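Reader: I want to learn how to read a strand pairing and a chain contact. Please take me through one case.

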Number of protein chains: 2
Amino acid sequence: MGVTKTEHFTDTQNEMAILIKALAHPARIAIMEYLCEVNSCICGEIVNELPLSQPTISQHLKELKNAGLIKGTVEGTSICYCIDEKGIAKLQTYFNQFATQFLDKKQCC
Amino acid sequence: MGVTKTEHFTDTQNEMAILIKALAHPARIAIMEYLCEVNSCICGEIVNELPLSQPTISQHLKELKNAGLIKGTVEGTSICYCIDEKGIAKLQTYFNQFATQFLDKKQCC
DNA sequence: TCTTTTTATCGTAATATTGCAATATAATTA
DNA sequence: TAATTATATTGCAATATTACGATAAAAAGA
């Protein structure tokens, strides 16, 4: 066992799970908040900013990129990472819809 | 290693990571959506609804409850689970604030 | 009390995640 | 071309997650 049974859930549920899982780590939350905070697109400065090694940061960046939460543009020897609007929009929309639907129906508890 | 270095991040970042991680699985997303969909608070019906065993569902419910995303009320031999408004509100607020802050600052990519 | 029903917990196997040292790669500069 | 700089990848150890059979616990009814 130990493997998620994705085949039993809807495409949307699996897609949201992948997107949400990409943010389910404080380092990746910190990276996203840092990218949001700095106006310009800082690249390897994330390694200086966070208390994790360069390979670890690189791995977290890869996961965020795969999930569609950030974008990376090559600029010489360095890479310019920034937030991908679409990923954030998906999360925002999902939770807003969820909250709206929840508040519409009076729950019993 | 294999252990998250929580001590290096802010309390808010760690708290959001715990909350987000609780939703980072399609089964738990499906449980939340089911609880949101059914108007009344269904309990062990979740086991019939989802294609996972009773112990597995029970474990997922425990994680959602620990994270503050659902509440459970004992009703005789069964338990009535329903969505905890506060958890959902935290997620909604976080992503709305993030999106707002992001859109305010024109990013470079 | 003895069943029955419902949910939780234990134990365990399979797999995934986290983190980093070492190393590779790729673009720039001397 | 060689050295430098920036980032990615590999390999691995430690830990966490997922899933479920077996079993326990707790309340209700016979």
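Author: Start with one pair of residues. A:Glu75 stands opposite A:Ser78 in E2(A). Keep in mind that this is a predicted model.

Reader: Which residue is the bridge partner of A:Val74 in E2(A)?

Author: That partner is A:Ile79.

Reader: In which sense do E1(A) and E2(A) pair, and over how many bridges?

Author: The sense is antiparallel, and there are six bridges.

Reader: Now the interface. How much area do chain A and chain B bury between them?

Author: Read the total together with its atom types. The two chains bury about 4,600 Å², with 70% of it on carbon and sulfur atoms. Chain A gives 49 residues to the contact, and chain B gives 49 residues.

Reader: How many salt bridges and polar contacts cross it?

Author: Take the two kinds in turn. Between chain A and chain B there are zero salt bridges by the rule. The polar contacts number eleven residue pairs, with both residues at pLDDT 80 or more.

Reader: Which elements of chain A give two or more residues to the side that touches chain B?

Author: They are helices H1 (11–22), H2 (26–37) and H5 (85–104), plus strands E1 (70–75) and E2 (78–83). H5(A) supplies the largest share, twelve residues.

Reader: How do the residues on that side of chain A divide by type?

Author: There are 30 nonpolar, eleven polar and eight charged residues on the side of chain A that touches chain B.

Reader: Why can one say that the copies meet through the same surface?

Author: Compare the residue sets. Of the interface residues of chain A, 100% are also interface residues in chain B, so the copies use the same surface to meet.

Technical notes. Residues are numbered from 1 along each chain as its sequence is written. Chains are lettered from A and ligands numbered from 1 in the order in which they are written. This is a predicted model: local features need pLDDT of at least 70, side-chain atom pairs count only at pLDDT 80 or more; totals for chains, interfaces and linings use all residues. Side-chain values use heavy atoms; hydrogens and water are left out. Contact means heavy atoms within 4.5 Å. Buried area is the accessible area (1.4 Å probe) that two parts lose on being put together, summed over both. A salt bridge is a side-chain nitrogen of Lys or Arg within 4 Å of a carboxyl oxygen of Asp or Glu. A polar contact is a pair of N or O atoms within 3.5 Å; within protein, one must be able to donate a hydrogen and the other to accept it, and residues adjacent in sequence count only if both atoms are side-chain atoms. Helices (H or I, at least four residues) and strands (E, at least two) are DSSP runs, numbered from the N terminus. Ala, Val, Leu, Ile, Met, Phe, Trp, Tyr, Cys and Pro count as nonpolar, Asp, Glu, Lys and Arg as charged, and the others, Gly among them, as polar. Two strands pair if DSSP finds at least two bridges between them.
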